[in-house]
Amino acid sequence: CSISFMNVYAMLLLVKARRQLELKLGHTDVKLEGYGDVGRVIFGIWGERCVNICLVISQLGFGTAYIIFIAANIHSIYPEQLDRATICLACVPILSCLIQIKDMKHLSPFSLLADVANVFGLIAV
């Protein structure tokens, strides 16, 4: 639990540092397109690498937890037909395709469908 709090604090601190750098640098030639750029401006190339490595580790943790959550829910519906490992492996190609979408606007119809399904589920229960 404390690791989660430290992770959230570090992410919020990174956003705050980026905003402060944008205010300080103003309209210079330095562009802050990603959080790795914040690390590079503050600590050089090793800062950029460190920030990017930490972001990858963090996102791998979130992604793994999400896949386990999906597998547990599907397994609770079909406990005898599918085991959790198979469900996890089946999720990877689907999610790999979804993460290639660059613009979130393309996912808005699916979000609307999910909202409608949630409302229907709440009404049904």
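Lys and Arg count as positive and Asp and Glu as negative, while His and the chain ends are not counted; the place of a charge is taken as NZ of Lys, CZ of Arg, CG of Asp or CD of Glu. On this basis, the mean positions of the 10 positive and 9 negative charges of the protein lie 9 Å apart. The model is predicted: local features need pLDDT of at least 70 and side-chain atom pairs count only at pLDDT 80 or more, whereas totals for chains, interfaces and linings use all residues. Residues are numbered from 1 along each chain as its sequence is written, and side-chain values use heavy atoms, with hydrogens and water left out.

The protein has five helices and zero strands, where helices (H or I, at least four residues) and strands (E, at least two) are DSSP runs numbered from the N terminus. The radius of gyration, taken over C-alpha atoms, is 20 Å. A compact globule of 125 residues would have a value near 14 Å, by the rule of 2.2 Å times the number of residues to the power 0.38. Along the principal axes, the C-alpha atoms fill a box of roughly 55 × 30 × 30 Å.

Of the 125 residues, 14% count as buried (under 20% relative accessible area; exposed is over 50%, partly exposed in between; 1.4 Å probe, protein chains only). S58, in helix α3 (residues 45-77), is buried, because its relative accessible area is 11%. Not counting residues up to four places away in sequence, S58 touches N7 and M11, contact meaning heavy atoms within 4.5 Å. Among contacts between residues at least 6 apart in sequence, 21% join residues at least 24 apart.
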